[in-house]
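Q: Could you go through this model with me and say, for each label, what it rests on?

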Amino acid sequence: ILVDGAGSTWSNVFLNVYGIASGGVSLADGGPSSNLTIQNGGLVYVGSQMQLSSGSQLTVSGTGSILINDTGNVATETGGNSVVVTNGGTIRCNGTAAGNGGVSLDWGDALLITGTNSSIVCSNSCGLNGTVTLLNGGTLTAIGNINVSGNGSSIAPGIVGGNGVVNGNLWVSGATLVPNDGAGGIGTLTI
């Protein structure tokens, strides 16, 4: 699925009987339709949960390209999924209810935020159990905690690395912080 260019919009939002935004998106099964790319100023507006599973990929690339999740999370499950924010793209998770408004990354999944002004901004906490890489000024911000954990295996180590910026209360349990420049050299991870 491709949302390409300024003015290109995909909105999956409706108000439920309580006036709360609803309408989720599920990317699954690892086929071509399980990948969503938002680029060159495209906008995707999701009312509730954005779910990736079974080898799916979400890419937000380019200045002005944005995914807005109004009330839920951007979440991955079952491993082999990736979320990539690059070249000034943005993901905003706006949910304020407990358990919403964040990014939830399962073991075996990857999150990459790379490039100046590339960011994920969460109005709540993030639970990151996969590999998180912040490069070239990429930024992860959470109003709540950013919880990073591993399951003690080399398959799902729970790693935060790179040379980007983490804004929030960072909790690390059974995981590793690896400041680097993305090319094998030393970097700075700002927390």
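A: Buried means a relative accessible area under 20%, exposed means over 50%, and partly exposed lies in between, with a 1.4 Å probe and protein chains only. The model is a predicted one, in which local features need pLDDT of at least 70 and side-chain atom pairs count only at pLDDT 80 or more, whereas totals for chains, interfaces and linings use all residues. Residues are numbered from 1 along each chain as its sequence is written, and side-chain values use heavy atoms, with hydrogens and water left out.

Q: Why is C93 called buried?
A: The relative accessible area of C93 is 1%, which is under the 20% limit, so C93 is buried.

Q: Why does T114 count as buried?
A: T114 has 13% relative accessibility, and therefore counts as buried. T114 is found in strand β15, residues 110–114, where a strand is a DSSP run of E with at least two residues, numbered from the N terminus.

Q: What joins the side chains of T114 and N136?
A: They are joined by a polar contact of 3.3 Å, a term that stands for a pair of N or O atoms within 3.5 Å; within protein, one must be able to donate a hydrogen and the other to accept it, and residues adjacent in sequence count only if both atoms are side-chain atoms. Not counting residues up to four places away in sequence, T114 touches V85, T86, N87, L135, N136 and G138, contact being heavy atoms within 4.5 Å.

Q: What makes up the largest nonpolar core, and which residues have the most contacts inside it?
A: A nonpolar core is a set of buried Ala, Val, Leu, Ile, Met, Phe, Trp, Tyr and Cys residues joined through side-chain atoms within 4.5 Å. The largest has 33 residues, and those with the most contacts inside it are M50, L58, L67, I91, I120 and L128. Strand β19 (residues 139–149) gives the largest share of this core, four residues.

Q: How do you know that β6 and β9 pair?
A: Two strands pair if DSSP finds at least two bridges between them, and five bridges join β6 to strand β9 (residues 57–61), which run parallel. The bridge partner of L36 in β9 is L58. Strand β6 (residues 35–39) has a covered face, L36 and I38, and an uncovered one, N35, T37 and Q39.
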